[in-house]
Amino acid sequence: MAGEGSPTQLPQAKRRNKSSSATTTTTIHSLTDDLLLQIFLRLPSLATLVRAALACRRHRRAVVSSPDFRRRFRELHPAPLMGLFFAPPTAVLDPMLPAFPSFFPARRHDRDLAAALRGGDFFLTSIQEHPDKAHSWEIYDCRGGYVLLCNGDQSTERPMAVVNPLARRSQRFFDDGLDDTFEDCRGTPVLRSERLLCSDEDPTTFRVVALTHDESRVRASVFFSDTGEWKIHPWFDVPGRPRRSKGWLLNNNMQSKGFMYWLYTNHKYMVTLNTLTMGFSVEELPPFLKNRRCSFDIGETNSGARCIVYTVDFTVGVMLRRTDSDGVEKWMLDRATPLDTQLDGVLRNQKGNYDELLVVAVRDGFAYLASSKKVFDPQTPSWFLSLCLETMKLENLFQKAYNSGGHPYVMAWPPCLVGNHGRFALEGST
């Protein structure tokens with residue numbers, strides 16, 4: 001009986017329980033990659049997935065090795081809006097003071113997304129602190145997680161920069177190198193704002209597309225980040241150019257599914273560039289888009305289809321590319337939705353202070369709108385809203401003074417979850 005109290009001998013039943021427990025224990029490391037990816041699909045957002053995938057090399061390797069997982073995750077979890085970049089109000093700035101784009105974060109309850117915002121470089125300090133660059137930068141575009149900037153200093157060459165705010169101290173500087181694009185021009189050439197062209201499958205590279213036009217033609221020039229060189233394409237003759245107008249194309253930022261668009265100043269025609277073939281085409285705008293009261297932009301629906309979103313007063317319409325009875329593909333109205341009732345609630349009963357909605361941008365199934373007065377009033381700041389094109393539901397983002405322009409920054413699929421990049425390039429086993 002003395003042995004019953006011995007601390008070195010456990011009761012037989014307890015030994016069996018311990019042995020049984022050891023054989024049934026399951027850890028995260030015992031899961032197959034397929035089960036791991038099924039768990040990852042249930043994560044609430046891309047920001048949470050990034051944290052989970054970078055927890056260890058095995059997690060990252062499972063995500064990187066499955067393009068099908070990337071596609072399914074994007075379908076279930078649209079890339080989250082992090083905020084909008086705006087150009088500074090140059091009309092009231094002292095030209096001797098630094099001028100940089102400002103960033104306004106969207107209100108989000110996702111803690112991982114908030115952490116990504118806090119850890120990012122959305123004040124663009126990597127540009128502001130660069131010792132060899134001038135003090136003023138303009139924002140031209142925002143795509144694929146990158147921000148395209150142009151040096152505002154009036155010099156012979158126009159230094160440009162592409163920055164990824166979520167990858168601190170990540171920037172690429174280059175000169176526009178576009179002197180040759182003016183060769184063989186008719187009259188005075190005009191260079192329009194450059195735009196970014198990014199790839200989901202290779203987010204480490206990008207292209208910058210510039211449009212030049214003379215009195216009756218357009219041409220495209222493309223910068224390739226992997227080679228650091230520009231390629232200049234041939235001139236293309238266009239019809240319907242407004243007479244007695246040197247700057248007959250407007251600067252805008254319209255892009256959708258590999259197509260870029262420029263609007264004529266008379267609002268009658270639109271130039272389209274197919275960035276896959278680098279071929280131009282020109283088509284007449286639908287009649288009601290020619291109305292100067294109509295604000296519109298071109299982007300994508302949640303299914304990836306090209307679309308035009310327009311506003312007239314407080315009504316939002318959506319147009320899609322469809323084939324008519326004659327077999328001609330054109331922009332055709334899909335739906336028009338009055339938003340008066342929603343606006344009363346979203347704007348906290350302040351809708352009466354505004355006269356209309358303006359379309360700021362259209363990206364990945366969302367239209368970004370701004371409330372506005374038809375006569376600009378700096379004492380009445382605009383409300384910025386997002387409109388889901390699938391549900392036509394509004395969400396309030398923030399309030400600020402608004403003159404023109406706005407660049408949504410949407411969290412893109414990070415390069416580290418596509419291929420062997422950065423500190424994961426030489427990864428070994430788990």
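**Strands, cores and spaces**

Strands β21 and β22 run antiparallel and are joined by seven bridges. Helices (H or I, at least four residues) and strands (E, at least two) are DSSP runs numbered from the N terminus, and two strands pair if DSSP finds at least two bridges between them. The model is predicted, so local features need pLDDT of at least 70 and side-chain atom pairs count only at pLDDT 80 or more, whereas totals for chains, interfaces and linings use all residues. Residues are numbered from 1 along each chain as its sequence is written, and side-chain values use heavy atoms, with hydrogens and water left out.

Within this pair, R363 has F366 of β22 as its bridge partner. The two strands form a hairpin with two residues between them. D364 belongs to that loop, between β21 (356-363) and β22 (366-372), and has a positive phi of about 50 degrees although it is not a glycine. D364 counts as partly exposed because its relative accessibility is 44%; buried means under 20% relative accessible area, exposed over 50%, and partly exposed in between (1.4 Å probe, protein chains only). Strand β21 itself is mostly covered, with seven of its eight residues buried.

Four strands form an open sheet in the order β17-β18-β19-β20, with antiparallel pairing. β17 (295-300) and β20 (329-338) stand at the edges with a single partner strand each, so one side of each is left without a neighbour in the sheet. From one strand to the next the twist averages 25 degrees, where axes are lines fitted to C-alpha atoms, for helices over the stretch in contact, and angles run from 0 to 180 degrees between N-to-C directions. Inside the sheet, six bridges join β18 (residues 306-312) to β19 (residues 315-323), and I308 has M319 of β19 as its bridge partner. The loop between β18 and β19 contains D313, whose phi is near 60 degrees, a positive value in a residue other than glycine. D313 counts as partly exposed because its relative accessibility is 27%.

Attention now turns to the nonpolar cores. A core is a set of buried Ala, Val, Leu, Ile, Met, Phe, Trp, Tyr and Cys residues joined through side-chain atoms within 4.5 Å. The largest has 38 residues, and those with the most contacts inside it are F40, L49, V63, F69, M82, F85 and W413. Its largest share, six residues, comes from helix α3 (residues 46-53). Apart from this core lies another, of 22 residues, among them C307, V318, L357 and M392.

On a 1 Å grid over the protein atoms alone, a cavity is a set of points where a 1.4 Å probe fits but cannot get out; a pocket is an open set with protein on both sides within 12 Å along at least five of seven lines; and lining residues have an atom within 4 Å of a point. Grid points are joined across faces, edges and corners, and a volume is the space filled by probe spheres set on the points. The second largest pocket has a volume of about 1300 Å³. Of its 43 lining residues, R74, D200, K257, E300 and D364 lie nearest its centre. Helix α5 gives the most to this lining, with six residues. The largest cavity, of about 30 Å³, is lined by A79, R363, D364, F366, Y368 and V410.
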